[in-house]
Amino acid sequence: MAANAGTAVNAAGGGTVAAITRDTSGVPIVVVRHEGDLMTVYTGLDGLNVAKGDQVSAGQSIGTAGSGGFVHFEVRRGFESVNPEGYLN
């Protein structure tokens, strides 16, 4: 998704921050675990407002968009990708 640098990136739903890792360029990857075996994945972020183990609510800011001009958003049910359209606020 296109996003200007510094734009707030919000959790698509309530859950627990299950992991925060970094890609090969050092850009954070945030994984939020939700009920029903769902996970949301966010990358292309700059500043983070959450840490591993934090509880987040729907719409809560998890960080800001980086300078790359986009944010990657993915929804997974177990190991399968799910169409994210119905999870965007």
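Analyst: **A strand between two partners**

In strand β8, Arg 76 is the bridge partner of Met 39. The model is predicted, so local features need pLDDT of at least 70 and side-chain atom pairs pLDDT 80 or more, while totals for chains, interfaces and linings use all residues. Numbering starts from 1 along each chain as its sequence is written, and side-chain values rest on heavy atoms, without hydrogens or water.

Met 39 is also the bridge partner, in β4, of Arg 33. β4 spans residues 38-43 and β8 residues 72-77, strands being DSSP runs (E, at least two residues; helices, H or I, at least four) numbered from the N terminus. β4 and β8 run antiparallel and are joined by 6 bridges; pairing requires at least two DSSP bridges. β3 and β4 are likewise antiparallel, with 6 bridges between them. These two strands form a hairpin with 3 residues between them. In its turn, Gly 36 has a positive phi of about 75 degrees.

β4 is mostly covered, since 6 of its 6 residues are buried (under 20% relative accessible area; exposed is over 50%, partly exposed in between; 1.4 Å probe, protein chains only). In a regular strand, side chains alternate between the two faces of the sheet. In β4, Leu 38, Thr 40 and Tyr 42 point one way, whereas Met 39, Val 41 and Thr 43 point the other way, and all are buried.

Because Tyr 42 lies in β4 and Phe 73 in β8, the pair ties together parts that are 31 residues apart in sequence. Both Tyr 42 and Phe 73 are buried.

Thr 40 leads back to β3. The side chain of Thr 40 makes a polar contact of 2.7 Å with the side chain of His 34 (N or O atoms within 3.5 Å, one able to donate a hydrogen and the other to accept it within protein; sequence-adjacent residues count only through side-chain atoms). His 34 lies in β3, residues 28-34, and is buried, with a relative accessible area of 13%. A polar atom of the His 34 side chain also lies 2.7 Å from the backbone oxygen of Gly 14. Leaving out residues up to four places away in sequence, His 34 touches Gly 13, Gly 14, Gly 15, Met 39 and Thr 40 (heavy atoms within 4.5 Å).

β1 (residues 8-10) and β7 (residues 61-65) pair over 3 bridges; Ala 8 has Thr 64 as its partner in β7, and Val 9 has Gly 63. β5 (residues 45-48) is joined to β7 by 2 bridges, with Leu 45 opposite Ala 65.
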